[in-house]
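Reader: Could you walk me through this model, one question at a time?

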Amino acid sequence: ARGLVSWQHGTTTTRTDVPSRLSTEGVAAAIVFAGSGFATVAPDYLGLGDSPLVHTYYAADDTARAVIDLLDAARTVPGVPDTPPFLAGFSQGGHACMAAHQALEAAGRTVLGSAPVAGAFNLRTLSVPRALKGGAVQNPLYLTYLTRGLAARYGQPLESALTDPVAALTRTLYDQPHKPDAIVAALPKNPRDLFNAGFLEAFDQNKAHWLLEALTVNEVSHFTPRAPVRLYYGDADEDVSPAESVTTAAMFRATGADATAVGVGPFDHNSSILRAAPRALAWLETLVAAPAA
């Protein structure tokens, strides 16, 4: 193998649409990276695949642990090189990519580079404020999934942030997994209608609330990457704002990091990964020494 790549998958609301079950995204990652000669791993996150736990959606420490544990396991396989990993991921996987990057470097380990695509990195300052304004069909799904995941991570009741009816509905929709379309159809269309008055007051007036604190803690843009980072995004992405990548790249550069936001053209959320993956692979090729002919 020419190197080691970890691919982090995007949002899924079912336990089986994950790389360990050979999901479409997992197979595509294998084609792009393993098909180019790189040992490639793709972790399921906590609460997905075989894990019986609640999926702690966007909890950076849980996600980073899933990524790093699989990287460490992969290195016990004959033929997998003990080289710094290249991290890549889409959507939720973009956040996972940077969470793992931060955790690895904080532990004194080396990363070759990171290529998150359409990632939400600034949960408190960009992602949730934008989602609460509406505009994207899946915003209610993202917001309830996020609240459920962080409530599980920090031991908080759903009713402390969501309205009682939405909290009950959220348990049904995610504990008995439904496809995204069914979840969106079942939830209120106005994102603010998901939340109770206490949370909305805390959000609007910047008061203390455990969910707002959790969103801040799980932002993955407040460190200085030692390895280079390329943040890819589609200009027409309504699910994750291009500002996530542009702002994060600027924040990283302001602290001395090698970080660039790369627009892939006028493409929406799901299309952006199709345009970004070949660019990420081409960049990876520049980071590793090509084998002798």
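Predicted model: local features only at pLDDT ≥ 70, side-chain atom pairs only at ≥ 80, totals over all residues.

Reader: Thanks! Are tryptophan 7 and phenylalanine 33 buried or exposed?
Author: Residues are numbered from 1 along each chain as its sequence is written, and side-chain values use heavy atoms, leaving out hydrogens and water. Buried means under 20% relative accessible area, exposed over 50% and partly exposed in between, with a 1.4 Å probe and protein chains only. By that cut-off, tryptophan 7 and phenylalanine 33 are both buried.

Reader: What kind of pair do the rings of phenylalanine 33 and phenylalanine 86 make?
Author: Rings of Phe, Tyr and Trp (its six-membered ring) pair if their centres lie within 6.5 Å; planes under 30 degrees apart count as stacked, over 60 as edge-to-face and the rest as tilted. Here the centres are 6.3 Å apart and the planes stand at 50°, so the pair of phenylalanine 33 and phenylalanine 86 is tilted.

Reader: Which residues form one aromatic cluster?
Author: Phenylalanine 33 and phenylalanine 86 are both buried. The cluster consists of Trp7, Phe33, Phe86 and Trp283.

Reader: How far apart are the end C-alpha atoms of helix H11?
Author: Helices (H or I, at least four residues) and strands (E, at least two) are DSSP runs, numbered from the N terminus. The expected span of a helix is 1.5 Å times one less than its number of residues. For the 19 residues of H11 (269-287) that gives 27 Å, which agrees with the distance between the end C-alpha atoms, 27 Å.

Reader: Where does H11 bend?
Author: A bend is the angle between axes fitted to the seven residues ending at a residue and the seven starting there. In H11 this angle is about 30°, and proline 278 follows within four residues of the bend, which is at alanine 276.

Reader: Which strands stand at the edges of the sheet?
Author: Two strands pair if DSSP finds at least two bridges between them. The open sheet has six strands in the order S2-S1-S3-S4-S5-S6, with parallel pairing. Each edge strand has a single partner, so one side of it is left without a neighbour in the sheet; these are S2 (39-41) and S6 (259-263).

Reader: What is the bridge partner of tyrosine 232 in S6?
Author: S5 and S6 run parallel and are joined by five bridges. The partner of tyrosine 232 in S6 is valine 262.
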